[in-house]
Amino acid sequence: MEISNLLRAGMKVSLMCLFGFAVSAHSQSILIKDARIVTLADQGTLESGDLLVRDGKVVQIAEDLGDATAELIIDGRGKVVTPGLIAPSSALGLTEIGAAASTNDGAIAEQSIGAAFNPVVAFNPRSTLIPFNRAGGLTRAVVVPASEDSIFAGQGFAIKLTGDFDSVINADLVQKVYFGEYGAQLAGGSRAMAFAQLESALEQAKEYSENRDEIRRGQWRELDFAVDDLEALQPVLREEQPLMISADRASDILQVLTLANTFPIRPIIIGGAEGWMVAEQLAAARVPVVVDVLGNTPDAFEKLGARMDNAALLHRAGVTVAISGPGYAGSHNSYLSRQAAGNAVAYGLPFEEGIRAVTANVADIFGIEGGVLAPDGVAELVLWSGDPLEVTSFAELVLIDGKPQSLVNRSTRLRDRYLHPKAGTGHGYKN
Amino acid sequence: MRFTRRSVKDSVWRRLRLPLGVGGALLAGMLTACGGDDKDVAADGPDFARQGDFPSTYQPDEAAPVLIRGATLLTGTGEKLLKADLLLKDGKIAAIGDELKAPRKGLVIEGAGKWVTPGIIDVHSHLGDYPAPAIESSQDGNEMTSPNTAQVWAEHSVWTQDPQFALALAGGVTTLQILPGSANLFGGRGVTLKNVPGRSVQDMKFPGAPYGLKMACGENPKRVYGGKGSLPSTRMGNVAGYRQAWIEAAAYKEKWENYYINGGDAPDRDLQMETLAGVLNGDILVHNHCYRGEEMAIMMDIAREFDFQISTFHHAVEAYKVADLLAENNVCAAMWADWWGFKHEAFDMTEANIAIVDQAKACAMIHSDSAVGIQHLNEETAKAMVAGQRAGFEIQPRHAVTWMTRNPARALGIDDVTGTLEKGKMADVVVWSSNPFSVYAKAEQVFIDGVLMYDRNDPARQPHSDFELGILDAEGERLPEGGER
């Protein structure tokens with residue numbers, strides 16, 4: 001099964017014919033030879049190098065590993081190895097069909113819960129979005145809730161895209177809040193109210209932590225937020241969880257920075273369309289930004305300054321940039337973060353930074369494993385047919401925990417069924 | 001005279017008319033525009049399309065000749081020419097060849113390392129009707145008040161100052177069709193525009209391009225009207241709605257044709273019926289939002305029942321399932337490279353969709369339906385090309401380029417005047433920094449009718465809409481230093 005799957009995914013000749021090793025998900029040691037290797041770690045980029053994987057870890061990376069051997073040896077000539085892509089913001093495993101309410105668990109409406117909402121128990125590793133995005137080179141993703149009622153969306157988590165039932169890797173990773181136009185709408189019509197709600201939630205969370213017992217016994221003044229929500233904000237105030245805040249307008253971003261001066265929080269700006277206008281302040285405050293590179297249209301009054309070179313300008317000022325998939329494509333095409341990164345590079349972001357923005361920077365910002373290739377590090381990588389940011393390249397091999405992943409998905413299954421459509425009942429019996 | 005013309009206007013002739021492209025409709029339009037007193041009829045029958053009512057006032061500026069020298073040309077006719085010269089003169093493509101003589105007065109572009117394609121054509125856009133910034137008061141793209149609003153015309157909603165037109169131009173888009181939205185069975189008329197600045201929408205209208213009629217299958221109409229407790233609330237309700245309307249339109253058309261032949265009292269005009277009758281007489285092209293294979297098959301049956309031709313299925317996520325039927329029925333499919341899953345009818349996506357439709361010899365094309373996607377149609381085409389190669393098809397850039405140029409021109413009925421680099425065609429041309437099927441390629445110069453409408457290296461040749469003045473910086477521009485390069 002695994003062999004035929006990988007074959008169909010297009011790895012055929014170089015693996016099977018040249019080396020004669022069967023590809024199997026159970027291969028414990030894999031040697032990629034003579035590939036361009038972008039480590040994003042101490043070893044930098046090797047124009048031509050070998051990489052050895054054993055027992056889920058990267059063992060060695062070097063220009064020439066000599067006669068090192070492995071159960072599977074892959075000819076990497078002309079190909080490029082990078083760390084696996086990591087989606088900085090998605091609803092993977094929480095959505096199947098956008099417009100089918102019953103298949104969506106990422107947002108709640110008209111409930112009293114806010115910051116305490118945690119959709120991790122709703123995560124479905126068997127979602128069709130997971131194999132599809134994995135075939136696009138995505139190996140990890142941050143999954144965050146959305147909100148239709150409160151500026152507090154709740155807690156996000158991180159997953160590996162193995163499709164296994166145990167693929168949630170960080171259960172309480174991040175807290176998501178809306179500011180800007182949507183936050184204003186949720187807060188009753190003004191950014192000022194959204195900001196006040198956020199400020200008072202953090203204040204009351206602090207008050208709660210200092211007077212937990214009295215508050216729980218009911219011997220305290222009435223607070224504006226449920227105890228569960230205030231409890232959920234404690235890791236945020238301990239700087240254990242970053243606070244992902246949506247903001248696009250330059251002045252909104254600056255307001256978030258003032259909040260970070262008042263409270264001990266680690267904000268991550270998501271959106272940041274006008275981030276380039278306040279790039280120096282963002283850099284000084286060491287606040288990272290998750291950018292939708294392709295979102296360069298001034299499609300809201302809070303995004304009048306949207307531009308294609310936002311990521312490049314932010315990076316130049318010293319801001320840590322992560323790149324998400326294009327907003328219009330949603331979670332279903334999270335892996336297209338690499339096309340977005342390619343566009344960022346076309347508009348001035350250095351090439352290696354483009355790759356970093358969809359791998360290492362995402363891992364850094366959220367404090368999760370992966371995103372780099374280094375000895376003893378996790379063997380989560382992609383072998384690309386060519387330039388990893390190029391739209392004509394594709395993933396030929398995806399390793400998670402050192403294991404080759406199936407690259408088959410509904411897109412390839414439907415393709416193979418209908419390659420030559422014709423009348424009759426035959427299609428119904430093709431697998 | 002009239003009678004004679006009427007007598008040849010049978011259904012066989014009508015079927016012949018559409019594949020010929022713009023010819024018939026152009027003729028009708030020009031005759032009407034130049035016509036005398038009899039405004040309600042064209043020379044060969046009742047004038048349902050009414051091309052002359054809001055005529056194109058687009059006039060390309062005078063431009064000196066342009067020689068693009070020694071570039072790689074993807075002609076859109078299936079050829080890739082290396083180190084070729086391309087001469088633009090008097091708004092037309094004047095010559096393609098080796099070592100063409102540089103015009104005495106004119107622009108010479110050194111094309112070494114550059115690639116040249118026909119201007120990109122997007123068959124499905126809502127720019128101007130759903131402009132940026134998107135606020136409640138600017139959402140003019142869908143008259144969602146009745147399942148049949150064939151009487152509305154998308155051009156009457158176009159905000160010509162939408163700053164997104166210029167962004168699409170920087171992506172190499174020279175022509176685009178603005179369509180009404182998809183909430184209705186019949187959404188109204190679409191309009192084909194040249195991507196040029198205009199004070200009125202007529203200043204942008206593609207001269208002589210036939211009108212489109214937007215129709216919609218599937219989820220959207222049944223959701224919108226079913227939600228209001230009216231027909232349609234199901235897909236079978238959708239089909240009943242189409243058929244009922246075509247029955248009425250056929251009767252309307254007959255009434256007018258009888259008047260045309262026999263005279264007497266003129267029937268009352270009905271804007272909704274005019275548009276549908278314009279489809280039945282072949283002057284207006286059907287652009288049908290339709291995702292699913294089985295629904296496309298039904299729509300082609302309806303077209304047979306009422307004797308009209310569907311130009312193109314849009315958002316045809318499942319076109320690959322019925323590619324042979326599309327080829328048989330001479331219907332195009334406009335598709336995305338990989339967009340999926342936002343609703344149920346978009347669930348069965350394959351990245352090989354365009355390639356499979358193409359290899360079945362049906363007319364396949366990329367389209368955007370997005371103000372972002374329209375800026376990257378070359379990248380989207382590249383992804384679809386590679387998906388085709390991975391499926392085992394021999395598809396090279398010289399052929400894939402037709403998915404964003406010639407085939408959308410055909411779908412719009414303008415392929416005899418634009419969409420390829422051929423002598424005599426409109427000089428709608430893009431000079432790319434490199435192979436356009438690369439994420440790093442940029443449109444450097446964009447010519448429309450031989451006029452340099454966009455130059456990436458010259459801020460003075462980058463259009464900005466009125467909206468962008470005094471935005472963010474009262475004394476500056478929306479994006480300083482001419483913006484992104």
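# Reading disulfides, burial and backbone geometry

User: What is the torsion about the S-S bond of B:Cys332 and B:Cys363, and is the disulfide left-handed or right-handed?

Analyst: The torsion about that bond is about 90°, so the disulfide between B:Cys332 and B:Cys363 is right-handed. B:Cys332 belongs to strand S14 (residues 332-335) of chain B, and B:Cys363 to the loop between helix H10 (353-359) and strand S15 (364-366), so the pair ties together parts that are 31 residues apart in sequence. Please bear in mind that this is a predicted model.

User: How far apart are the sulfur atoms of B:Cys332 and B:Cys363?

Analyst: The general idea is a distance test: a disulfide is assigned when two cysteine sulfur atoms lie within 2.5 Å. In this case the S to S distance of B:Cys332 and B:Cys363 is 2.3 Å.

User: Which cysteines form a disulfide with sulfur atoms 2.3 Å apart and a torsion of about -90°?

Analyst: They are B:Cys217 and B:Cys290, whose sulfur atoms are 2.3 Å apart. The torsion about their S-S bond is about -90°, so this disulfide is left-handed. B:Cys217 sits in the loop between strand S11 (212-216) and helix H5 (219-226) of chain B, and B:Cys290 in the loop between strand S12 (285-289) and helix H8 (293-306), so the pair ties together parts that are 73 residues apart in sequence. With the bonded cysteines of chain B numbered in sequence order, the pairing reads 1-2, 3-4.

User: Which residues of helix H5 in chain B are buried, and against what do they pack?

Analyst: The buried residues of H5(B) are B:Glu219, B:Asn220, B:Pro221, B:Val224 and B:Tyr225. The elements against which they pack are S11, helix H6 (235-262) and S12 of chain B.

User: Where is B:His376 found, and with which residues is it in contact, leaving aside its neighbours within four places in sequence?

Analyst: B:His376 is in the loop between S15 and helix H11 (377-390) of chain B. With those neighbours set aside, B:His376 is in contact with A:Leu294, A:Met308 and A:Asn343. B:His376 has 6% relative accessibility and counts as buried. Its C-alpha lies 9.6 Å from that of B:Ala170, a residue 206 positions away in sequence.

User: What is phi for A:Asp55 and for B:Arg50?

Analyst: Most residues other than glycine have a negative phi. A:Asp55, however, has a positive phi of about 50°. A:Asp55 is placed in the loop between strand S2 (45-54) and strand S3 (57-62) of chain A, and its 55% relative accessibility makes it exposed. B:Arg50 also has a positive phi, near 50°. B:Arg50 is in the loop between strand S2 (45-46) and strand S3 (66-74) of chain B, and at 4% relative accessibility it counts as buried.

User: How many helices and strands does chain A have, and what is its radius of gyration?

Analyst: Chain A has 14 helices and 18 strands. Its radius of gyration is 23 Å, close to the 22 Å that the globule rule gives for 431 residues, so chain A is as compact as a globular protein of that length. Of those 431 residues, 61% count as buried.

User: How many helices and strands does chain B have, and what share of its residues is buried?

Analyst: Chain B comprises 13 helices and 18 strands, and 62% of its 485 residues count as buried. Among its contacts between residues at least 6 apart in sequence, 69% join residues at least 24 apart.

Notes
Residues numbered from 1 in each chain as written. Chains lettered and ligands numbered in written order. Predicted model: local features only at pLDDT ≥ 70, side-chain atom pairs only at ≥ 80, totals over all residues. Heavy atoms only, no water. Helix = DSSP H or I, 4+ residues; strand = E, 2+ residues; numbered from the N terminus. Rg over C-alpha atoms; globule rule 2.2 N^0.38 Å. Buried < 20%, exposed > 50% of the residue type's maximum accessible area, 1.4 Å probe, protein only. Contact = heavy atoms within 4.5 Å.
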